[in-house]
Amino acid sequence: MNNRMTIFACVTIIIGFMVAVQFQAVSEPENREGRNMAELRQDLVAEKEKQQRLNEELERQREILYQLEQTEDVEEVMGDVITELQEQAGLTEVSGPGIILKIDVAFDVDYEGGAIRSVPPYLVRLLINELNIQGATHIAIDMQRYVATTAIREANGRTLVNGSWLSHFPLEIKVITDDPESMHHAMMSSQSRELFSYENLSLVSTPVNQVELPAYEKDYRVRFMEPVQEGS
Amino acid sequence: MWLPLLALIIGILFGFLTDFQISDEYSSYLSIAVLAALDTLVGGIRAHLEKTFDDKVFITGFFTNIFLAASLAFLGVHLGVDLYLAAVFAFGVRLFHNIAIIRRIFLVKWTKKSDSTTKD
């Protein structure tokens, strides 16, 4: 009897050991912190910048609130705010210093392949991201104003911006920025220029003192916002 | 009775404390080995209760079951067929069957005991 219990004990020890090992193997944490110091710092800096932006926004809104509280004539302040918001949203024509980017086809001598009909949308998106990183305030692609809801799509092998074709070359992208010279240099040395050349397209930037951007013509489709009625 | 339970706890502690690591691809073998071991253990308990326990059968059954289950899983991996499911199924069915028999044996013992106490 005692012998039997010893055998059982031996077996259960082995089972216990196997269960414990298996449990450890299964419950191994899968996603560990994989970022190194530099990446963590980068993330921290990005978060700080975000915080600063939000703080600035808050400050601006407080100022508007203060103005509204101080002035008797609320309508004027409201009008200013509306104009400012319309300008931000791209509903007004704007002009100012900026750069003009010209995208044209650039065939090398031994080019083999079909005709290039338009700029691929991923390149346009990439370019816009790069422009925004460089501090562009307003962008227009081929007389189409780029706004927050602008869609850059491809349909039938052609690229659509705001629902209209980008069908001719050279394609002009007008950008308004505070510092045209530095943006010009940044764009001429940017990675997107290289990527454009892979698609047999050339990207040329010219800084100008005055560039005019058209207003956004189509209706803004606002889906998730509703005007608040006072007192409701 | 308490010795096997104590041994189980010691085994688990030992497993956790030694920090023994196995790689992911072997964990399926280990899981099937655990299942085979549990099956043998429950079978042993049943045999013990039915008074048909044999040391040699138990020990050899324990090791061959583990080994065969793991090798079946291994073969399955190399053939591209989930053969370990066969082992899981066989052991699972037998495990439940044995547990049911053990439960019945205990139930019979318990009812006999309570009958005798009520008669007294």
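Q: Where is A:Asn200 found?
A: A:Asn200 sits in the loop between helix 6 (191-198) and strand 8 (201-213) of chain A. Helices (H or I, at least four residues) and strands (E, at least two) are DSSP runs, numbered from the N terminus. The model is predicted, so local features need pLDDT of at least 70 and side-chain atom pairs pLDDT 80 or more, while totals for chains, interfaces and linings use all residues. Residues are numbered from 1 along each chain as its sequence is written, chains are lettered from A and ligands numbered from 1 in the order in which they are written, and side-chain values use heavy atoms, without hydrogens and water.

Q: What makes the phi of A:Asn200 worth a look?
A: Phi of A:Asn200 is near 60°, a positive value, and the residue is not a glycine. Most residues other than glycine have a negative phi.

Q: Why is A:Asn200 called buried?
A: Buried means under 20% relative accessible area, exposed over 50%, and partly exposed in between (1.4 Å probe, protein chains only). A:Asn200 has 16% relative accessibility, so A:Asn200 counts as buried.

Q: What can be said of phi at A:Asp142, and where does this residue lie?
A: A:Asp142 is not a glycine, yet its phi is positive, about 50°. A:Asp142 lies in the loop between strand 2 (136-141) and strand 3 (144-146) of chain A. With 15% relative accessibility, A:Asp142 counts as buried.

Q: How do you know that A:Met187 is buried?
A: The relative accessibility of A:Met187 is 0%, so A:Met187 counts as buried. A:Met187 belongs to helix 5 (residues 180-188) of chain A. From A:Met187 to A:Gly163, 24 residues apart along the chain, the C-alpha atoms are separated by 26 Å.

Q: Why are A:Phe8 and B:Phe58 called a tilted aromatic pair?
A: Rings of Phe, Tyr and Trp (its six-membered ring) pair if their centres lie within 6.5 Å; planes under 30 degrees apart count as stacked, over 60 as edge-to-face and the rest as tilted. By this rule there are eight aromatic pairs over all chains. For A:Phe8 and B:Phe58 the values are 5.0 Å centre to centre and 50° between the planes, and the pair is tilted.

Q: Why does this pair join two chains?
A: A:Phe8 lies in helix 1 (residues 2-26) of chain A and B:Phe58 in helix 3 (residues 55-79) of chain B, so the pair joins two chains. Both A:Phe8 and B:Phe58 are buried. With B:Phe53, they form a cluster linked by ring pairs.

Q: What makes A:Arg60 and A:Glu84 a salt bridge?
A: A salt bridge is a side-chain nitrogen of Lys or Arg within 4 Å of a carboxyl oxygen of Asp or Glu. The side chains of A:Arg60 and A:Glu84 meet at 2.5 Å, N to O. This pair links distant parts of the chain, 24 residues apart: A:Arg60 is in helix 2 (residues 37-70) of chain A and A:Glu84 in helix 3 of chain A. A:Arg60, at 25% relative accessibility, counts as partly exposed, and A:Glu84 is partly exposed at 34%. A:Glu57 is linked with A:Arg60 and A:Glu84 in a network of salt bridges.

Q: How many salt bridges are there over all chains?
A: A search of the whole structure finds five. One of the salt bridges is formed by A:Glu172 and A:Lys102, with the closest N and O atoms 3.7 Å apart. A:Glu172 is in strand 7 (residues 171-177) and A:Lys102 in strand 1 (residues 94-105) of chain A, 70 residues apart. In chain B, B:Glu50 and B:Arg46 meet at 3.4 Å, N to O.

Q: Which residues make the nonpolar surface patch of about 570 Å²?
A: Patches are made of residues with over 30% relative accessible area and no salt bridge, joining like charges within 9 Å and nonpolar side chains (Val, Leu, Ile, Met, Phe, Trp, Tyr) within 5 Å. The nonpolar patch consists of A:Ile13, A:Ile14, B:Leu3, B:Leu6, B:Ile10, B:Ile59 and B:Phe63. Helix 1 of chain B gives the most, with three residues, and B:Leu6 is placed in that helix.

Q: What makes the other patch one of negative charge?
A: Lys and Arg count as positive and Asp and Glu as negative, with His and the chain ends not counted. A:Glu72, A:Asp73, A:Glu75, A:Glu76 and A:Asp80 gather in this patch on the surface. A:Asp80 lies in helix 3 (residues 74-89) of chain A.

Conventions:
Areas by Shrake-Rupley, 256 points an atom, 1.4 Å probe, with all protein chains shown as cover. Charge placed at Lys NZ, Arg CZ, Asp CG, Glu CD.
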